[in-house]
Amino acid sequence: KRRLIEEEAVVSTQSTGDFPKPGIQFKDITTLIKDPKGLKTTIDLFVEKYKGAQLDYVAGIEARGFIFGTALALALGVGFIPLRKPSKLPAEKVSLKYQLEYGVNELEIHKDAIEPGKKVLVVDDLIATGGTLECGCKLIEQIGGVVVGCACVAELPELNGRKAIAPRDLFVLAQFYGV
């Protein structure tokens with residue numbers, strides 16, 4: 001099954017040059033998620049990996065982490081926590097800035113989103129330099145959650161994102177080299 005998703009991801013993931021800024025080779029997963037078989041296989045593989053993990057929540061990073069995170073949370077029977085970009089959460093929140101490979105961004109979480117000690121899996125579509133995932137993990141930990149790992153559809157291993165989130169576990173379905 002894992003090989004199937006890697007093949008589908010390679011076939012179904014488009015690269016767009018100079019997006020969102022010059023010099024960035026953007027990996028677009030919209031072609032993967034529009035294919036029902038590719039989307040189902042992706043979620044099934046995440047469920048297979050985490051079905052016995054005793055999670056309390058899945059947290060997804062805006063926006064593409066919402067796609068995979070909500071489906072995974074539903075399949076596992078746990079709640080979903082959104083990690084949002086600035087000014088999109090209505091209640092009291094905690095925020096943290098992080099470095100992207102092409103600039104600076106920020107994530108926010110509701111201050112009361114996770115009860116202390118609850119176990120959380122952080123999900124996004126792709127890990128590049130690891131800044132976004134690291135920020136999401138730090139926010140969850142800052143409000144008392146316990147990050148049990150991170151899961152992404154794809155990884156750009158040459159950008160060393162695993163180093164940024166270490167010692168946390170990272171599970172990916174496909175790796176793309178030569179970016």
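A residue is called buried here when its relative accessible area is under 20%. The model on screen is predicted.

Start with Phe46 and Phe171. Both residues are buried. For Phe171 the relative accessibility is 15%, so this residue counts as buried.

Keep the two side chains selected and look at their rings. Together Phe46 and Phe171 make an edge-to-face aromatic pair, with 6.1 Å from centre to centre and 70° between the planes.

What angle do the planes of the Tyr50 and Phe171 rings make? The planes lie at 85° and the ring centres are 6.0 Å apart, so this pair is edge-to-face. Tyr50 is in helix α3 and Phe171 in strand β9, and the pair links parts of the chain 121 residues apart. Is Tyr50 buried or exposed? Tyr50 has 6% relative accessibility and therefore counts as buried.

With Phe46, Tyr50 and Phe171 all displayed, you have a cluster linked by ring pairs. Across the whole structure, a search finds three aromatic pairs.

Last, select Lys49 and keep Tyr50 in view. Which part of Lys49 sits over the Tyr50 ring? The charged end of Lys49 does, 6.0 Å from the ring centre.

Definitions and conventions. Residues are numbered from 1 along each chain as its sequence is written. This is a predicted model: local features need pLDDT of at least 70, side-chain atom pairs count only at pLDDT 80 or more; totals for chains, interfaces and linings use all residues. Side-chain values use heavy atoms; hydrogens and water are left out. Rings of Phe, Tyr and Trp (its six-membered ring) pair if their centres lie within 6.5 Å; planes under 30 degrees apart count as stacked, over 60 as edge-to-face and the rest as tilted. Buried means under 20% relative accessible area, exposed over 50%, partly exposed in between (1.4 Å probe, protein chains only). Helices (H or I, at least four residues) and strands (E, at least two) are DSSP runs, numbered from the N terminus. A charge sits over a ring if NZ of Lys or CZ of Arg is within 6 Å of the ring centre and within 35 degrees of the ring normal.
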